[in-house]
Amino acid sequence: IPWCSSFLNRIAWYLRLPRSKSAAARSWLTVGQAVAWADVQVGDVVILKRGKAPQPGPSVLNAPGHVCLYAGPDVRVTHFQGLGGNQQNGVTVSPFAIADVLGVRRLI
């Protein structure tokens with residue numbers, strides 16, 4: 001059961017920040033303020049493609065995805081560290097490819 005979005009919704013609820021109110025990862029593409037990758041900060045919401053097949057772009061909300069919080073750069077310049085739920089079946093900090101990023105949102 002995918003629960004990455006549910007995890008972030010709970011955190012946002014605790015912090016009284018805007019939330020998607022949906023279990024769909026791509027629902028976060030409509031929450032908060034859009035941020036360019038060059039301006040990403042720790043705590044920003046990062047929405048990613050999920051799956052090996054070609055995935056639709058960010059305009060398609062009902063497609064596979066993953067969502068996490070930006071936790072910082074990775075030792076590989078092609079990746080970043082993301083804090084999220086449903087990563088290795090737990091809450092972890094894991095590396096993700098920047099090429100898979102659909103969007104970054106700042107919850108204000």
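The legends below describe close-up views of a predicted model.

**View 1. The pairing of S2 with S6.** S2 and S6 are joined by 4 bridges in the antiparallel sense. Within this part of the sheet, valine 46 stands opposite valine 104 of S6. In a regular strand, side chains alternate between the two faces of the sheet.

**View 2. The hairpin of S4 and S5.** S4 and S5 run antiparallel and are joined by 7 bridges. One of the residues to look for is glutamine 81, whose bridge partner in S5 is proline 95. The hairpin has 2 residues between the strands. Glutamine 88, in this hairpin, takes a positive phi near 55°.

**View 3. The salt bridge between aspartate 44 and arginine 106.** The structure holds 2 salt bridges, and this view shows the one formed by aspartate 44 with arginine 106. The closest N and O atoms of the pair are 2.8 Å apart. The pair links distant parts of the chain, the two residues being 62 residues apart. Aspartate 44 is in the loop between strand S1 (33–34) and strand S2 (45–49), while arginine 106 is in strand S6 (residues 101–106). Aspartate 44 counts as buried because its relative accessibility is 3%, and buried means under 20%.

**View 4. The salt bridge between aspartate 74 and arginine 76.** Here the side chains of aspartate 74 and arginine 76 meet in a salt bridge, at 3.0 Å from N to O. Arginine 76, at 39% relative accessibility, counts as partly exposed.

**View 5. The largest pocket.** The largest pocket has a volume of about 230 Å³. Its lining is made up of 14 residues. Of these, Lys49, Arg50, Gly51, His66 and Phe96 lie nearest the centre of the pocket. Strands that each supply at least two residues of the lining are S2, S4 and S5.

View 6. Arginine 16 is found in the loop between H1 and S1. Its phi is near 55°, a positive value in a residue other than glycine. Arginine 16 counts as exposed because its relative accessibility is 78%, and exposed means over 50%. Lysine 21 also lies in the loop between H1 and S1. Lysine 21 has a positive phi of about 60°, although it is not a glycine. With a relative accessible area of 66%, lysine 21 is exposed.

Conventions:
Residues numbered from 1 in each chain as written. Predicted model: local features only at pLDDT ≥ 70, side-chain atom pairs only at ≥ 80, totals over all residues. Heavy atoms only, no water. Salt bridge = Lys/Arg side-chain N within 4 Å of Asp/Glu carboxyl O. Buried < 20%, exposed > 50% of the residue type's maximum accessible area, 1.4 Å probe, protein only. Pairing = 2+ DSSP bridges. 1 Å grid on protein atoms, 1.4 Å probe; cavity = no way out; pocket = protein on both sides within 12 Å on 5 of 7 lines; lining within 4 Å. Points joined across faces, edges and corners; volume = space filled by probe spheres on them.
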